[in-house]
Amino acid sequence: MKFVDEFRDTEKARTLQKEIHAIVGRLARGRSRPLQVMEFCGGHTHTIFRYGIEQMLPDGIEMVHGPGCPVCVLPMGRVDDCVALAERPEVIFTTFGDAMRVPGSKKSLLQAKADGADVRMVYSPLDALALARAHPEREVIFFGLGFETTMPSTALTVLQARREGIGNFSLFCNHITTVPTIKAVLDSPDMAIDGFLAPGHVSMVIGEAPFQFIARDYRKPLVITGFEPLDILQSLWMLLRQFDEGHCEVENQYRRIVPPRGNAQALAAIDEVFEIREFFEWRGLGSIDHSGVKMREAFADYDAERKFTVRNPKIADPKSCQCGEVVKGVIKPWDCKIFGNPCTPENPMGALMVSSEGACAAYFNHGYGRRSA
Amino acid sequence: MSRENTITLAHGAGGKAMRDLIDQVFVEGFGSPELAALEDQARFDLAALAANGDRLAMTTDSYVVDPLFFPGGDIGKLAVTGTVNDLAVGGARPLYLSCGMIIEEGLPVATLERVVASMKATADDAGVRIVTGDTKVVHKGAADKLFINTAGVGVIPAGIDIQAGNARPGDVVIVNGFIGDHGAAIVDARGELALETTIETDCQPLHGLVATMLDTCPGLRCLRDATRGGLASVLNEFAAASGVGIRIEHNAIPVRDEVRGICEILGLDPLHLANEGKLVAVVPAADADTVLAAMQAHPAGRHSTAIGQVETGQPGRVVLATGFGGDRVLDMLVGEQLPRIC
């Protein structure tokens, strides 16, 4: 298939694999522990597992699967709010598919739907707006979720709703921001990550500049990376070459999609509709300053948090959960005390077991139940 | 019956309206003598059944697909092929089906007639008869348009022993063509994505293909149709029941470009998508080439191909060689396959 198979070419993969082994071999001689590279984005984690990329890498390099899975890091309290909104009789609650399974403290949206709530899966916020047009007697709430990748389409939908004067549409905004979250990881005392693969589709929106401080201030190299398996291998090779040659900079492997300055129109839409929250609560990581956005006052009529009572309860992660340590690369998923028992994809206790993009679910589903696997 | 346009609760009330519906839509539509007898049960001659084999096979399945009509098929075709295939993959020759219909009031009679005609045509194709039935009409909202249950009876010839637990190291795993067409067709037919392509369901009866396979390889070990849960579920069932490992080559699995495309867009995996005319077979290595040749010569198996083999491996584990250089475990789905956010 055109535009897909080129990026999964086995021959090219083998060439890159050889190069990677050679560089890691050279680097390993001066090191007492493996190089730790974090792929921030859940989409990258998905690709890495889908194509078995970890097995293609030498022992001297270790992938740390970062917190960039918006479904995984959604705190239980926010899910409880979703359920409460969805259970209002006048509400049609619309959401992306994979958010439906995320457990709240009592139930998930999937369970709320089974109990009679009108929860509908949509592929785009515009589908939710179309529902609002078709059902003027109901209130259609869209569950806005994700990093800067999905923010522009949500913002543009809100702008469209206002333009059309659609009064029965609102957004439950749970969008989160990438850079403050990477910064929180970098600032944590037990962090030992050597370099980053940065999220390609977030970068398509925000551009290269917001990542520069990571190379400049924290002296960690970073490569903006695409989502096909060859993208991942090439980016790893680029990162390793920086270590090898003693550079530390932001490189862009995903140039076919990511313009250096990002997407000005998308950024303008985001800026018009959203403003930074003081802090946002993350499952597994706790509260992180400036890591979420909310709707500006001017859009109060489209803000489900203002239109309805949203309790935003604080529900602590189970004490036994070690998601935070896994996300920072301090331990591997299988080192967690509850990995596989009782925490499984069927019965997720921790954030990282929730979505197939979560590190623990990926390890579990792909059979990395033990170190030897 | 006064030709009403829609089904009402009266059609399920047991009185004259129901009788008219049964006579004019079902008895006439299905055209089988057993049904026309209008007894409460179909009756079979045991000696005639026994002439076909030494074991009776029985199965049941319910069909609730939405939309009722989709490219390449409809709920009626599905209700016949699905049950025929469940018999066929046990090695049985399918003979008789029952048909229970649960109808939401307000369904156009013409829709029902279209479904019945499709069931009749599919049954004729598959060489089975619909011999007994039941009709219920429920209040608006208590069912979604039309649900169908079919049960099927068939006979297994002597000497055939197909079981999920029969796979042995060295055996070859075969599929009879493109994977994921049905699941993708249903996603496409719901129209929520507004794609330009049309993907047709692969819905087809498999008993003829199975008979051909058994002719060339009576020692065929495992056979299942890969419906809900897709290819991945069947492979895991074989591996678990047989206590063996199975290794599959990703690049050997036939998947149409349109299906790959829809999966790429939605973040779905074709190996988990439903099929309605695809079977997965495990055959002894010595017979693999002849079975494959026979399958490819059959209309229901033209694109048959070997996709992997049974290994000692880790018992119960299916490993997928990704074709990119690495391996991964291919597991069953936990719940429903949900599109990914980004």
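Colleague: What share of the 342 residues of chain B count as buried?
Modeller: This is a predicted model, where local features need pLDDT of at least 70, side-chain atom pairs count only at pLDDT 80 or more, and totals for chains, interfaces and linings use all residues. Residues are numbered from 1 along each chain as its sequence is written, and chains are lettered from A and ligands numbered from 1 in the order in which they are written. A residue is buried if 20 or more other C-beta atoms lie within 10 Å of its own, exposed if 12 or fewer, and partly exposed in between, with C-beta atoms placed from the backbone. By that count, the buried share of chain B is 48%.

Colleague: How many helices and strands are in chain B?
Modeller: Both are DSSP runs, numbered from the N terminus: helices are H or I with at least four residues, strands are E with at least two. Chain B has ten helices and 13 strands.

Colleague: Which radius of gyration does chain B have?
Modeller: The radius is taken over C-alpha atoms, and the globule rule is 2.2 Å times the number of residues to the power 0.38. For 342 residues the rule gives 20 Å, and chain B comes close, so it is as compact as a globular protein of that length. Its C-alpha trace spans about 65 × 55 × 30 Å along the principal axes. The radius of gyration of chain B is 21 Å.

Colleague: Where do the domains of chain B lie?
Modeller: The bounds come from an automatic or database domain assignment. For chain B that assignment gives domain 1 (9-156) and domain 2 (164-329).

Colleague: Which element gives the largest share of the side of domain 1 of chain B that touches domain 2 of chain B?
Modeller: Two residues are in contact if their C-beta atoms, placed from the backbone, lie within 7 Å. On that basis 20 residues of domain 1 of chain B meet 22 residues of domain 2 of chain B. Helix H4 (75-88), strand S4 (93-104) and helix H5 (109-126) of chain B each supply at least two residues of the domain 1 side. The largest share, eight residues, comes from H4(B).

Colleague: Which residues of H10(B) are buried?
Modeller: Helix H10 (residues 285-296) of chain B has twelve residues. Seen down the axis of H10(B), the buried residues fall within an arc of 105 degrees (directions from the helix axis to the C-beta atoms), so they line one face of the helix. On the other side, B:Ala286, B:Asp289 and B:Ala293 are exposed. The buried residues are B:Val291, B:Leu292 and B:Met295.

Colleague: What covers the buried residues of H10(B)?
Modeller: The cover draws on strands and a helix of chain B. It includes strand S7 (172-175), helix H7 (207-216), strand S10 (279-283) and strand S11 (305-311).

Colleague: Which element gives the largest share of the side of chain B that touches chain A?
Modeller: The contact takes 23 residues from chain B and 35 residues from chain A. Helix H9 (257-266) and strand S13 (327-329) of chain B each give two or more residues to the chain B side. The largest share, four residues, comes from H9(B).

Colleague: What share of the 373 residues in chain A is buried?
Modeller: Chain A has 15 helices and 13 strands. Its radius of gyration is 21 Å, which agrees with the value near 21 Å for a compact globule of 373 residues. The buried share of chain A is 53%.

Conventions: The expected span of a helix is 1.5 Å times one less than its number of residues.
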